Amino acid sequence: MNQQNKMAGRIDYGIVLTLMLLCIISLISIYSAQLTNEQYNANFVVKQGVWYVVSTFAIIVMMQLDYEKLTKWAYYFYGFGLLTLIFVLMFGREVKGAKSWIIIPFLGSIQPSEIVKVIMIIVLARVIMSHNKKHQIHTVKYDFLLLIKMALIMLPPMALIMLQPDLGTALVFIAIASGMILVSGITWKIIVPIFGSIFTVGAAAIWMVINHQSWLIKLGFKPYQFERITTWINPETDPQGGGYQVLRAMTAIGSGQISGNGAGYNAISIPENHNDFIFTVIGGDYGFIGASILLALYFLLIYQIIRVALDINVPFYSYICTGVVMMLMFHVLENVGMNIGLLPITGIPLPFVSYGGSALLGNMMALGLVLSIRFNYQKSMFTTRERKAE
């Protein structure tokens with residue numbers, strides 16, 4: 001009984017409660033999406049519930065990975081992740097022009113890149129920790145060496161993902177690495193020029209797409225590759241083509257106004273509104289209030305993860321928490337941003353809410369990593385006290 005109480009005390013119930021609330025919102029929203037789209041002949045609510053059960057077991061497995069196992073097995077996880085990405089390119093199933101899926105018996109399709117995101121967080125944390133242990137005094141030379149190590153780790157999986165092709169997932173990898181670079185101790189003398197250069201190149205590319213597409217075509221780019229940028233900047237230029245989805249999404253969200261129209265009322269039919277555009281369902285059904293509550297839950301979850309990092313105060317764990325926070329923040333900001341027309345459409349789902357087993361499994365595994373930090377840290381503390389008592 002005493003042992004059970006100790007184990008129960010090692011669980012972060014704040015994170016668990018927030019996750020349960022997101023689960024409820026997910027199932028209700030997916031059900032509402034089904035009501036407003038007659039072409040859906042599958043019961044996505046049941047499927048999402050099944051994936052939540054499967055992902056809960058994944059969390060339990062992740063919670064068994066303590067500090068020693070994570071640091072020792074990091075590169076084995078990395079090798080496994082690369083093999084799955086190679087496998088999906090060779091034998092994967094193509095969906096909407098992207099060869100990103102493999103078939104798992106009894107579970108259906110799964111997207112390995114979602115799991116590789118979590119593996120990347122573990123490996124980058126391991127690389128940063130090992131480098132900082134070896135080079136405790138930060139210099140420009142050693143910090144630049146760390147960046148090279150991180151780049152070499154990231155390039156193989158990112159290259160394989162871009163071959164699928166899957167730009168959205170590649171951007172998530174960049175977001176994860178960017179956050180971990182900021183907390184790795186690398187000097188601002190390196191960080192500012194690098195991030196400044198990336199921002200400048202990105203802004204210049206968007207400016208050229210808007211004003212000088214002919215220059216880019218001469219460099220080998222195709223006109224259709226500019227569509228996402230042009231429809232993002234001005235979706236009204238192609239309301240029945242590239243701008244259709246975002247215009248419908250903004251109309252659906254706007255129709256909810258302050259308090260929403262009620263579950264299942266949304267009359268605006270939007271393709272994939274159970275998946276990447278689930279935020280339009282929440283905005284239309286529950287209005288500004290419902291959407292704000294959802295965003296507040298995400299900020300609460302991110303705060304709770306940061307709180308774990310601050311409470312434990314172990315560098316390796318802090319790097320992991322940072323990676324998870326950046327992954328979730330990028331997903332939320334990009335998904336909500338593309339739903340309201342502030343960001344281009346990239347096919348990134350809303351964490352824990354959008355329908356999709358692979359994305360849910362990957363996000364739950366990431367949370368499992370965070371839960372394992374407090375769970376195993378408390379365990380090590382109890383073990384130390386018991387030994388002292390003996």
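Hi everyone, and thanks for coming. Before we start, this is a predicted model, in which local features need pLDDT of at least 70 and side-chain atom pairs count only at pLDDT 80 or more, while totals for chains, interfaces and linings use all residues. Residues are numbered from 1 along each chain as its sequence is written, and side-chain values use heavy atoms, with hydrogens and water left out.

Let's begin with the whole chain. It has 14 helices and three strands; these are DSSP runs numbered from the N terminus, with helices being H or I of at least four residues and strands E of at least two. Of the 390 residues, 48% are buried. Buried here means under 20% relative accessible area, exposed means over 50%, and partly exposed is in between, using a 1.4 Å probe and protein chains only. Contact means heavy atoms within 4.5 Å. Among contacts between residues at least 6 apart in sequence, 70% join residues at least 24 apart.

Now to helix H12, residues 278-312. How far does H12 span between its end C-alpha atoms? The answer is only 35 Å, whereas a straight helix of 35 residues would span 51 Å at 1.5 Å a residue. That expected span is 1.5 Å times one less than the number of residues. H12 also has a kink of about 125°, centred on Gly-287; the bend at a residue is the angle between axes fitted to the seven residues ending there and the seven starting there.

A core is a set of buried Ala, Val, Leu, Ile, Met, Phe, Trp, Tyr and Cys residues joined through side-chain atoms within 4.5 Å. The largest one has 97 residues, and Leu-294 and Phe-352 are among those with the most contacts inside it. H12 gives the most to this core, with 14 residues. Leaving aside neighbours within four places in sequence, Leu-294 touches Leu-22, Ile-25, Phe-279, Ile-282, Leu-350 and Val-353. A second, separate core has six residues, including Ala-249 and Phe-277.

Next, two residues with a positive phi. In general, most residues other than glycine have a negative phi. Asn-313, which follows H12, has a phi near 55°. Asn-313 sits in the loop between H12 and helix H13 (315-339), and counts as exposed at 60% relative accessibility. Phe-352 has a positive phi of about 70° and is found in the loop between H13 and H14. Is Phe-352 buried or exposed? Phe-352 is buried, with a relative accessible area of 2%.

Finally, Leu-167 and Gly-347 are 180 residues apart along the chain, with their C-alpha atoms separated by 8.9 Å.
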